[in-house]
Amino acid sequence: MSLAVSRLLDRLDRPKQVKPGQWMTGCPCCASRKGRPIAVTEADGRALLYAFCQCPTENVLGAIGLGIEDLFDAPLALRVEPTRVRVPAADILRELSAEVTFVAIVASDLAEGRSLSDHDMARLTKAAQLIGAARDYVG
Ligand SMILES: [Zn+2]
């Protein structure tokens, strides 16, 4: 199990595994247990959190003392050093994948009519910067 998934499952109330790599439980934010509205899905070094009760992801995480960054196993920092330390392509792609996943989560929230918090907006800006830094590093 990934670090991010175990961190979430440890804090959620009695999550039930519904299939390999996926757990469901009640919402810690709105206290809804109807149909186990929170789904946690393991996905290659990160946890995807989906709230069927429409609670914003940030609020669900906040209710259990976590933030958006806790959905990822590894820190998201991707620095381009002026000395051009060689970073393996696989590491860059993994960071890009994590950033794109975050953007997809935000897009999903927006598609469902949720508004972006200041934190999400700042994190989205950081994602764009990290993706740009990766492009500059490789290019
Ligand atoms: Zn909820």
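What arrangement do the four donor atoms around the zinc ion make, and why? The donor atoms subtend angles of 104 to 115 degrees, which makes the arrangement tetrahedral; four donors count as tetrahedral if all angles lie between 85 and 135 degrees.

Before the next selection, please note that this is a predicted model, in which local features need pLDDT of at least 70 and side-chain atom pairs count only at pLDDT 80 or more, whereas totals for chains, interfaces and linings use all residues. Residues are numbered from 1 along each chain as its sequence is written, and side-chain values use heavy atoms, with hydrogens and water left out.

**The zinc site**

Select the zinc ion together with C27, C30, C53 and C55, whose SG atoms coordinate the metal at 2.2 to 2.3 Å. Donors are N, O and S atoms within 2.8 Å of the metal (3.2 Å for Na, K and Ca); water is not among the atoms, so sites may look incomplete. Along the sequence, the spacing of the donor residues is C-x2-C-x22-C-x1-C. Helices (H or I, at least four residues) and strands (E, at least two) are DSSP runs, numbered from the N terminus.

Is C27 buried or exposed? C27 is buried, with a relative accessible area of 4%. C53 is partly exposed at 23%, and C30 is partly exposed at 38%. Buried means under 20% relative accessible area, exposed over 50%, and partly exposed in between (1.4 Å probe, protein chains only). A search for disulfides (pairs of cysteine sulfur atoms within 2.5 Å) returns zero in this structure.

**Salt bridges**

How many salt bridges does the structure hold? There are seven, each defined as a side-chain nitrogen of Lys or Arg within 4 Å of a carboxyl oxygen of Asp or Glu.

Select R7 and D70 next; the closest N and O atoms of this salt bridge are 3.8 Å apart. The pair joins distant parts of the chain, with R7 in helix 1 (residues 3–11) and D70 in the loop between helix 2 and helix 3, 63 residues apart. R7 is partly exposed at 22% relative accessibility, whereas D70 is buried at 16%.

Move to R94 and D91, whose side chains meet in a salt bridge of 3.0 Å, N to O. Both residues lie in helix 3, three residues apart, about one turn of the helix. R94 is partly exposed at 47% relative accessibility, and D91 is partly exposed at 27%.

Then select R135 and D136, which form a salt bridge with the closest N and O atoms 3.0 Å apart. R135 counts as exposed, at 58% relative accessibility. Salt bridges that share partners also join D109, E112 and R114 into one network.

Select S97 in helix 3 (residues 89–111). S97 is partly exposed, with a relative accessible area of 26%. The C-alpha atoms of S97 and M121 are separated by 19 Å, and the two residues are 24 residues apart along the chain.

Finally, display I131, which is in helix 4 (residues 118–138) and is partly exposed at 31% relative accessibility. With V100 and V103, I131 forms a nonpolar patch on the surface, with about 200 Å² of accessible area together.

Methods:
Four donors count as tetrahedral if all angles lie between 85 and 135 degrees; four count as square planar and six as octahedral if opposite donors are over 155 degrees apart and all others between 65 and 115; anything else is irregular. Patches are made of residues with over 30% relative accessible area and no salt bridge: like charges are joined within 9 Å, nonpolar side chains (Val, Leu, Ile, Met, Phe, Trp, Tyr) within 5 Å. Accessible areas come from the Shrake-Rupley method with a 1.4 Å probe; for residues, only the protein chains shown count as cover.
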